[in-house]
Every structure is written in structure tokens, then in C-alpha cells.
Amino acid sequence: MKFKCKAIPGSNRRKLVLLLFAAALFYLWSQRWNLLDRLFPQEYREIVEEHCSRYQLDPCLLMAMIREESRFDSKAVSHAGAQGLMQIMPETAEWITKKSGLGMQGKDGLQDPENNIRLGIWYLQWLRERYSGNSHAAVAAYNAGQTVVDRWLREGRWDGSLENARQIPYPETADYLRSVWRSYKIYNILQDFSEKPLQGSVDYAILLYA
């Protein structure tokens, strides 16, 4: 004799679905900070803050760039040969060390997190100075190279603003700039939450419902 489950009446089925949906939402809400920590890691934060302080750079911006460049994989190597957390090309690293006087420490070279972050931060600051403090232009140049960004600005093809990132002739660079600034916004919120939990919660709610 086969046992058959009783069919759940339509109204009760809807209630069950709603109950399961509400339980799933509650679980996701309760895990929101763990999820954000996985999506927006805080690894290497101390190294970033230490070196950013020397150049008055915002650590949240550097964390956002590392996230978009390598997803915090210190051993990452791109198809083009860029290496480490901030995806620096070996020839660019050589130019930075000569220009800045910074040396490479240890045997891992660009795959050493501190080496990579230190050189990447110096290079970003150098780009910011080149573009008179325009961080949007500096980040675009970090991705596409200063020669092409110089040309875009000189020829009026891009005005150097985030709002007009769609003007950037390279779609990859336009997407990169927007992605870095989205991550930058979230890292700022996470920092607010760690320093001022109430303000961080408000900012998080605004981010969710914006």
C-alpha cells in the first residue's frame, strides 16, 4: 500500500511560501555583515592604511581598487603579465622604483603584498598629482595608462568626471572606474559602521534602498 502525502490547500500553500520567503529574508538580513565582509574583504587593511597615510590618500579608495584589480589575490597574474594585489606590470614596477627610490623587499617581488601595495599607492599618488588632484582621472590612468588619458582630456573626449564616465573611449576603463567607485562607497560605509555603528546602519539602509 502506497502512502500519499495530503495535498496542501491553496491558501495554506501560499502561507507556507510566504513563511519560507520571510525566513530566508530574515536569515540574509542577520548575515548581512558576514556577507559584506566576504564580498568586500578587509585583508591587508593595516598595510594600506600605513602607506596611504604617507601620501594623504583615502585607504577606502585603495581597498576598492585592490578589490577590482585582483579580488585580494596576492598571487594574481593577468594575461598581460600584471601581478599581485594591485596588478602592476613588471616594467611599471621598475619605473616606479627608479622614480620613487622605493626598493623591493624579500624574494616574492610584486607578489609580496606589502611590495605591491607600497608601489601601487605611490603610483596612484603620482597620477593624482599629474591630474591636479583629480582622483577619477588618476584611477582611469591606472587602468588605461596616462598617455591615453592625457590624450582624452587634451582632446576633450572625456572631461575627467565620474558622472561622464560614459565618454571614456575604452569601455573597459569606463566600467573599471564605475566599479571602483561603487566599491569605494561601500568601503566607506563599512568604515563608518566600524567607527559609528548607528551612522553605518543608516548608510547601509540607504545603500540597500537607493
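Contact here means heavy atoms within 4.5 Å. With that in hand, go to Glu68: leaving out residues up to four places away in sequence, it touches Tyr176, Ser179, Val180 and Ser183. Glu68 sits in helix H4 (residues 59–70), where helices (H or I, at least four residues) and strands (E, at least two) are DSSP runs, numbered from the N terminus. Its side chain also has a partner in Arg71, joined by a polar contact of 3.4 Å. A polar contact is a pair of N or O atoms within 3.5 Å; within protein, one must be able to donate a hydrogen and the other to accept it, and residues adjacent in sequence count only if both atoms are side-chain atoms.

A word on where this comes from: the model is predicted, so local features need pLDDT of at least 70 and side-chain atom pairs count only at pLDDT 80 or more, while totals for chains, interfaces and linings use all residues. Residues are numbered from 1 along each chain as its sequence is written, and side-chain values use heavy atoms, with hydrogens and water left out.

Now zoom out. The protein has 10 helices and zero strands. Of its 210 residues, 43% are buried, meaning under 20% relative accessible area, with exposed being over 50% and partly exposed in between (1.4 Å probe, protein chains only). Take the contacts between residues at least 6 apart in sequence, and 48% of them join residues at least 24 apart.

What does a search for aromatic pairs turn up across the whole structure? It finds eight of them. Rings of Phe, Tyr and Trp (its six-membered ring) pair if their centres lie within 6.5 Å; planes under 30 degrees apart count as stacked, over 60 as edge-to-face and the rest as tilted. Tyr123 and Tyr142 make a tilted pair, because their ring centres are 5.6 Å apart and their planes are at 45 degrees. This pair links distant parts of the chain, with Tyr123 in helix H6 (residues 113–130) and Tyr142 in helix H7 (residues 135–144), 19 residues apart. Both tyrosines, Tyr123 and Tyr142, are buried. They also belong to one aromatic cluster, together with Trp95, Trp122 and Trp126.

Next, the loop between H6 and H7, which holds Asn134. Asn134 is partly exposed, at a relative accessible area of 24%. A polar atom of the Asn134 side chain lies 3.0 Å from the backbone nitrogen of His136. Leaving aside neighbours within four places in sequence, Asn134 is in contact with Arg128 and Gly160.

Check its backbone: most residues other than glycine have a negative phi. Ser132, though, has a positive phi near 55 degrees. Tyr44 likewise has a positive phi, of about 70 degrees, and is found in the loop between helix H2 (32–39) and helix H3 (45–55).

Last stop, the cysteines. Cys52 counts as buried at 1% relative accessibility, and Cys60 does at 0%. The structure holds zero disulfides.

Definitions and conventions
A disulfide is a pair of cysteine sulfur atoms within 2.5 Å.
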